[in-house]
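Please open the structure in your viewer and keep the sequence beside it. The tour below goes from one selection to the next and says what is found at each stop.

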Amino acid sequence: MKVTRNLLLGITAGLGGFIIAYSLFRQFTGIGFSEQLEKFILDGVIFAALGIFVYNRKLASEEKKEKEAKERAEKEQTEAGGPEEG
C-alpha cells in the first residue's frame, strides 16, 4: 500500500481526535490513567504527529520533483517534435 498525503492527513486528524475524545472522557467521567502513562501517551501522539509532518513534507517534495521532471520531459518532447503545421 502506497502512503499518500491524504492518508497522513487522516492519521493526523485521528490523533487529534483521540486527544480530544480522551480529554472529554476524562473531564466528564473522572476516569483516567496514571499521570505518567497519560504523559507517555500524549508525548507519543505529539512525536507521531511530528513524524507524520516530516514525512508529509518529504512526500510533497518528491511529488514536486516528479511533476517538474514530467513537465520537463513533455516540454523537451514537444520541442524535439518541432512546430506542427496546420
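Does glutamate 38 count as buried or exposed? At 9% relative accessibility, glutamate 38 counts as buried, where buried means under 20% relative accessible area, exposed over 50% and partly exposed in between, with a 1.4 Å probe and protein chains only. Before going on, note that this is a predicted model, in which local features need pLDDT of at least 70 and side-chain atom pairs count only at pLDDT 80 or more, while totals for chains, interfaces and linings use all residues. Residues are numbered from 1 along each chain as its sequence is written, and side-chain values use heavy atoms, with hydrogens and water left out.

Not counting residues up to four places away in sequence, glutamate 38 touches Tyr22, Arg26, Gly32 and Phe33, contact meaning heavy atoms within 4.5 Å.

Next, select helix 1 (residues 5–29) and helix 2 (residues 35–81), which pack at an angle of about 160 degrees with their axes 9 Å apart. That angle makes helix 1 roughly antiparallel to helix 2, a term for angles over 145 degrees. The axes are lines fitted to C-alpha atoms, for helices over the stretch in contact, and angles run from 0 to 180 degrees between N-to-C directions; the helices themselves are DSSP runs (H or I, at least four residues), numbered from the N terminus. The crossing of the two helices is left-handed, which is said when the near helix is turned anticlockwise from the far one by less than a right angle.

For the next stop, select Leu8, Leu15, Val45, Ile52 and Leu59, the five residues of the largest nonpolar core, that is, a set of buried Ala, Val, Leu, Ile, Met, Phe, Trp, Tyr and Cys residues joined through side-chain atoms within 4.5 Å. Helix 2 supplies the largest share of this core, three residues. Leaving aside neighbours within four places in sequence, valine 45 is in contact with Leu15, Phe18 and Ile19.

Finally, compare two further positions. Threonine 12, in helix 1, counts as partly exposed at 32% relative accessibility, and its C-alpha lies 8.5 Å from that of alanine 48, 36 residues apart in sequence. Valine 54, in helix 2, counts as exposed at 55% relative accessibility; valine 54 and phenylalanine 28 are 26 residues apart in sequence and 35 Å apart in space, C-alpha to C-alpha.

Terms used:
Angles under 35 degrees count as roughly parallel, over 145 as roughly antiparallel, 65 to 115 as roughly perpendicular and the rest as oblique.
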